[in-house]
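The sequence and the model are shown first.

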Amino acid sequence: MPLPYLLLDIDGVLVPFPAADGSTPPTHVRHTVLPTGRHPDDPVPVWLDPSQGSILTDLLTSGLIIPVWCTSWRKDATTIIGPLLGLPDFPYLDLPRPQITTSHPDGYLWKRDHVDTWLGRAPVVWIDDDFTVLDHGWAQERTARGLPTLLIQPDPYVGLRADHLVEVREWATRQSGTNEALDAV
Ligand SMILES: [Mg+2]
């Protein structure tokens, strides 16, 4: 089996939602950035936990997974967010730009059809804060077909936690163990 992909979202994962009073977690350092196509007079604030840079880098360079950004930041993930966290360079999915007013236009995450086609039969661990029950069903169905699929869903108001990354690493290590067992027969 090929190495699993690690699909990584940003909003609600690396950049948690602000609290009702507008405050952001004290662990997260605020930056002002200019996404592609945005007027220079209209930059946007983001907040990132610098301590996540090194633990993410450890995982991204572990050889256990193939990291790919999966976010509406698209290319800006690689040029803005990744460098702010000190992450190594890795590719992004060029997601479609549907005219939607909800992230679940068909009851499931809008990114999923594109991801499903792009993955083909590849195993995947996907970190996103916005899965629905239908997405979890999709993951179970894929896994049942012999395509290991793990969804990690942080609380968007908290974002990614260290134990999520431990779970990813343990799952990916099990996949590589399965590969070694298969190679041995
Ligand atoms: Mg999100």
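## Burial and the model

A residue counts as buried if 20 or more other C-beta atoms lie within 10 Å of its own, with C-beta atoms placed from the backbone. The model discussed here is predicted.

Four strands make up an open sheet, and their order across it is 4-1-5-6. The pairing is parallel. Strand 4 (66–69) and strand 6 (149–152) are the edge strands; each has a single partner strand, so one side of each has no neighbour in the sheet. On average, neighbouring strands are turned by 15° against each other, direction ignored.

Strands of a sheet pair through backbone hydrogen bonds, which may be parallel or antiparallel in arrangement.

## Strand 1 and its two partners

Strand 1 is joined to strand 4 by four bridges, and the two run parallel. Within this pair, leucine 6 lies opposite proline 67 of strand 4. Strand 1 also pairs with strand 5 in the parallel sense, over four bridges. Here leucine 6 stands opposite valine 125 in strand 5.

In a regular strand, side chains alternate between the two faces of the sheet. Strand 1 covers residues 5–8. Tyr5 and Leu7 point one way from this strand, Leu6 and Leu8 point the other way, and all are buried.

## Strand 5 and strand 6

Strand 5 spans residues 124–127 and is connected to strand 6 by four bridges, the two running parallel. One of the residues involved is valine 124, whose bridge partner in strand 6 is threonine 149.

Conventions
Residues are numbered from 1 along each chain as its sequence is written. This is a predicted model: local features need pLDDT of at least 70, side-chain atom pairs count only at pLDDT 80 or more; totals for chains, interfaces and linings use all residues. Two strands pair if DSSP finds at least two bridges between them. Axes are lines fitted to C-alpha atoms, for helices over the stretch in contact, and angles run from 0 to 180 degrees between N-to-C directions. A residue is buried if 20 or more other C-beta atoms lie within 10 Å of its own, exposed if 12 or fewer, and partly exposed in between; C-beta atoms are placed from the backbone.
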